[in-house]
Amino acid sequence: MKELEEKILKEGHALSENILKVDSFINHQVDPVLMQQIGDAFAGHFGNKGITKVVTIESSGIAPALMTAISLNVPMIILKKQPSKVLNDNLLQTVVTSFTKGTSYELTLSHQFIEENDNVLIIDDFLANGCALQGLISIVLEAGASVEGIGIAIEKGFQSGGRIIRNLGYHLESLAIVDSMDASSGTVVFHEQ
Ligand code: G4P
């Protein structure tokens, strides 16, 4: 997606050869116009899949997921990473260990929000090694629903997540795929799409 790649080139920073900082438009401050374009792009990719729910993980997935849900006119569900005192009924849970962040958390869904006949579209901001995404997929499947598509804003093509998810047979669309980064020169190279 041209607008997203241009924004990354203008405001993103390669912190190292692995980590891309996008705090000014995705992870801290959010660019609502760009989010709307991202939502419309995902709706274009998955609009013919009979999607009934858009699902993401808190926190940075929420903005693109919400804009996609508006565009598809379906509800959006946020899977929780923090234990909640009020969320205790009929829960589906799986432990996710993030390779990138070196942390673990219990991904949680209240079963009532995803049902057996749901066609789910998963949306997230980043795909690195895909630990979060695999946890998300397993919870959706445990709920008995089907994963009809996965939309990622920024995939780091030099990490394993995209290959693993595509090899599992899922329809994965990434709006920008970063092939390589260089912190010293600030270069970010995109995969030709
Ligand atoms: P992993 O398997 O390597 O752990 O990767 P995964 O795709 O599950 O991503 C783990 C977390 O790290 C995610 O955030 C993801 O957005 C973030 N992340 C991975 N690579 C980058 C990167 O290059 N830049 C930025 N800015 N973030 C990256 P999260 O734990 O879901 O947190 P949140 O930001 O959504 O709250």
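**Notebook: cores, a helix and a pocket**

I began with the largest nonpolar core, which has 32 residues. Leu 4, Ile 8, Leu 20, Ile 38, Val 54 and Ile 154 have the most contacts inside it. I then looked up which elements build this core. At least two residues each come from helix H1 (2-11), H2, helix H3 (32-46), helix H4 (62-72), S7, S8, strand S9 (172-182) and strand S10 (187-190). H3 gives the most, six residues. I keep in mind that this is a predicted model.

**Leu 20**

What does Leu 20 touch, leaving out residues up to four places away in sequence? I found Ile 8, Gly 12, His 13, Ala 14, Phe 126, Ile 154, Val 178, Met 181 and Val 188.

I also noted a second, separate core. This one has 25 residues, including Leu 109, Val 120, Val 140 and Val 147.

**Helix H4**

Next I checked H4. Its buried residues are Pro 64, Ala 65, Met 67, Thr 68, Ala 69 and Leu 72. What covers them? The cover includes H3, strand S3 (53-57), strand S4 (76-79) and S7. Just after H4, I saw that Asn 73 takes a positive phi of about 60°.

**The largest pocket**

The largest pocket holds about 790 Å³. It is lined by 33 residues, and Ser 98, Thr 100, Lys 101, Asp 125 and Phe 126 are the closest to its centre. Phe 126 was already in my notes, as a residue that Leu 20 touches.

Which elements supply at least two residues each to this lining? I listed strand S2 (20-21), helix H2 (23-27), strand S5 (91-98), strand S6 (103-110), strand S7 (119-127), helix H5 (131-142) and strand S8 (146-156). S7 has the largest share, with four residues. By class, I recorded 15 nonpolar, 10 polar and eight charged residues in the lining.

**The whole chain**

Last, I stepped back. The chain has six helices and 10 strands. Its C-alpha atoms fill a box of roughly 50 × 35 × 35 Å along the principal axes. For 193 residues, a compact globule would have a radius of gyration near 16 Å, and the chain agrees, with 16 Å. Buried residues make up 45% of the 193. Among contacts between residues at least 6 apart in sequence, 60% join residues at least 24 apart.

How values were computed
Residues numbered from 1 in each chain as written. Predicted model: local features only at pLDDT ≥ 70, side-chain atom pairs only at ≥ 80, totals over all residues. Heavy atoms only, no water. 1 Å grid on protein atoms, 1.4 Å probe; cavity = no way out; pocket = protein on both sides within 12 Å on 5 of 7 lines; lining within 4 Å. Points joined across faces, edges and corners; volume = space filled by probe spheres on them. Nonpolar A, V, L, I, M, F, W, Y, C, P; charged D, E, K, R; others polar. Core = buried A, V, L, I, M, F, W, Y, C linked by side-chain atoms within 4.5 Å. Buried < 20%, exposed > 50% of the residue type's maximum accessible area, 1.4 Å probe, protein only. Contact = heavy atoms within 4.5 Å. Rg over C-alpha atoms; globule rule 2.2 N^0.38 Å.
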